[in-house]
Amino acid sequence: MAQLRSSIALNTIVRQAKNQASTSRGDGIALLNLDTGHYVGLNESGAEIWYLIQKKQSVSDLCARLVERYNVPPDQCFKELVDVLTQLVTEGAVQIAEYE
């Protein structure tokens with residue numbers, strides 16, 4: 001997982017993986033990988049990330065939107081975004097599409 005975490009950079013392009021089902025749950029969202037049966041629960045900010053990556057997005061663009069919405073420092077946003085993306089890639093919910 002550490003290798004995956006270190007491979008996610010500002011120019012990394014991510015997107016939702018195929019074969020995912022999602023439903024709102026309180027302030028968050030529940031994801032189900034239809035291929036593996038793995039379930040992931042996301043809080044409000046995780047749900048925001050999920051909705052933003054319906055189409056391919058760079059980590060840089062995601063950070064810019066999240067910094068604006070949640071008023072957090074960019075370096076904190078990047079660290080926390082990488083943590084969430086690492087979890088979602090590991091669970092098969094997100095794919096690293098390419099690098100810009």
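The lining of the largest pocket divides into eight nonpolar residues, four polar and one charged (nonpolar means Ala, Val, Leu, Ile, Met, Phe, Trp, Tyr, Cys or Pro; charged means Asp, Glu, Lys or Arg; the others, Gly among them, are polar). This is a predicted model, where local features need pLDDT of at least 70, side-chain atom pairs count only at pLDDT 80 or more, and totals for chains, interfaces and linings use all residues. Residues are numbered from 1 along each chain as its sequence is written, and side-chain values use heavy atoms, with hydrogens and water left out.

**The largest pocket**

- Its volume is about 230 Å³ (a pocket is an open set of points on a 1 Å grid over the protein atoms alone, where a 1.4 Å probe fits, with protein on both sides within 12 Å along at least five of seven lines; lining residues have an atom within 4 Å of a point).
- Among the 13 lining residues, Ser45, Ile49, Leu66, Glu80 and Val84 are the closest to the pocket's centre.
- At least two lining residues come from each of α2 (44-52), α3 (59-70) and α4 (74-90) (helices are DSSP runs of H or I, at least four residues, numbered from the N terminus).
- With five residues, α4 supplies the largest share of this lining.

**Where α2 meets α3**

- On the α2 side, Glu44, Ser45, Glu48, Ile49 and Leu52 meet Leu62, Arg65, Leu66, Arg69 and Tyr70 of α3 (contact means heavy atoms within 4.5 Å).
- By class, this contact of α2 with α3 has five nonpolar residues, one polar and four charged.

Note on methods
Points joined across faces, edges and corners; volume = space filled by probe spheres on them.
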